[in-house]
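Visitor: Could you show me how to read a sheet and a pocket in a structure like this one?
Guide: Gladly; here it is.

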Amino acid sequence: MKLITILGARPQFVKAAIVSRKLRQYHQEIIVHTGQHYDYQMSALFFEEMNLPNPQYNLSIGSGTHGQQTGRMLEKIEEVLMKEYPQAIIIYGDTNSTLAGALAASKLHIPIFHIESGLRSYNMKMPEEQNRRIADHLSNLLFCPTVTAVDNLAAEGILEGVHNVGDVMYDTVLHFLNVAKCKYESGIPTQQLGFKINSYYLATIHRAENTDNIEKLRVILEAFEKLDKQVIMPVHPRISNFIKEIRNERNEYRNINFIQPVGYLEMLLLLDNCCRVITDSGGLQKEAYFLKKPCITLRNETEWTETLIGGCNVLCPIEEATIVNSVLRSNVDENAYNTGYFGDGRASDKICEIINNI
Ligand code: UD1
């Protein structure tokens, strides 16, 4: 088949890295990069270190409001689809690139295969919830990571073309953790040398709901400053200006180590060596789960409800004392983790088999 894969943001590069190499054994795949993420450390680094084939098209959309970004993508993706006329497109997850790809293909009656389908937070204010709902309702093949995702789709009347294949991110972690360990034989890579195993918390914050308001970010950082162990925080470009502003106003944080965004391999090692994770990322919640690291999620809800079982992941509102207590108290029995919820690490093989049999 002639397939077009539409990518744009960091988590999509991670998922495509494992699926693309398998798809390409049987199909012609053209990668279209919308340019939603464009910094070297947010994009090219991932293609390089995960061996993801270079995009044939880079639409260079860049940043903007949600409407601007999605609108520009829609127009340019349509041009590519009209030129290439693939037999189907592949989209991942719930970003603006996912939505634009789904809309463009749907209007041209090109079938849509959606990987990581069926997730719901039931919070319609999140751009990701809007994107994934629309993408799911336009898709022809819906590859779900969990039983919960299948049930969510069924509740909305989506029953056809739905496959529970497991989570491609589980495949990715299993594969790339080994790659990372081989690449960085000494353990934690250079940038983080000096951070001792199990001596730090790993934190990432980038969700619009936590970062559009500087006050919330201030509360989160004050909580981190009061923790008993150092916090290592790769800074997403979305919050770098706010962080600069806050750091200019107060004495330097003594307990927070702000670092540049890191590539996937470094991130996996930082994760594997940390003692707990504090995040608002969907992907990192699961990666923490796969590597049996207790996770404190700074949100009121999660799409990955399986991770909450046994307290492996704990939801936490943005209140200083609550964040501190949640991190300090979190204590999870290793037996509570059950990666079986997310499949057997062969989601990408199953997706390829289903596509091969069309
Ligand atoms: C997007 C996704 C989110 C995903 C996240 C992963 C949507 C609605 N959100 O959020 O679901 O979890 O990617 O990171 O699609 N910026 C740069 N350089 C870059 C990329 C972004 O400086 O390479 C800055 C820009 O100021 C931009 C801001 O970050 O305005 C936000 O980027 P954007 O792609 O719009 O959303 P993310 O927050 O990254």
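Guide: We will go through a sheet, one of its strands, and then a pocket. This is a predicted model, in which local features need pLDDT of at least 70 and side-chain atom pairs count only at pLDDT 80 or more, while totals for chains, interfaces and linings use all residues. Residues are numbered from 1 along each chain as its sequence is written, and side-chain values use heavy atoms, with hydrogens and water left out.

Visitor: What is the order of the strands in the open sheet?
Guide: Strands of a sheet pair through backbone hydrogen bonds, either parallel or antiparallel. Here, strands (E, at least two residues) and helices (H or I, at least four) are DSSP runs numbered from the N terminus, and two strands pair if DSSP finds at least two bridges between them. The open sheet has 7 strands in the order E3-E2-E1-E4-E5-E6-E7, with parallel pairing. E3 (57-58) and E7 (162-164) stand at the edges with a single partner strand each, so one side of each has no neighbour in the sheet.

Visitor: Which strands are joined to E1 by bridges?
Guide: E2 (residues 28-33) runs parallel to E1 and is joined to it by 6 bridges. Thr 5 stands opposite Ile 31 of E2, and Leu 7 has His 33 as its bridge partner there. Between E1 and E2 the chain passes through helix H1 (residues 10-23), a β-α-β crossover that is right-handed (with the strands pointing away from the viewer, the path from the first strand over the helix to the second runs clockwise). E4 (residues 88-92) is also parallel to E1, through 4 bridges, and Leu 3 stands opposite Ala 88 in E4.

Visitor: Is E1 buried or exposed?
Guide: Buried means under 20% relative accessible area, with a 1.4 Å probe and protein chains only. In E1 (residues 2-7), 6 of the 6 residues are buried, so the strand is largely enclosed by the rest of the structure. One face carries Lys 2, Ile 4 and Ile 6, and the other Leu 3, Thr 5 and Leu 7.

Visitor: Which element supplies the largest share of the lining of the second largest pocket?
Guide: A pocket is an open set of points on a 1 Å grid over the protein atoms alone, where a 1.4 Å probe fits, with protein on both sides within 12 Å along at least five of seven lines; lining residues have an atom within 4 Å of a point. For the second largest pocket, the largest share of the lining, 5 residues, comes from H10. Helix H10 (237-249) and strand E10 (256-259) each supply at least two lining residues.

Key
Buried < 20%, exposed > 50% of the residue type's maximum accessible area, 1.4 Å probe, protein only.
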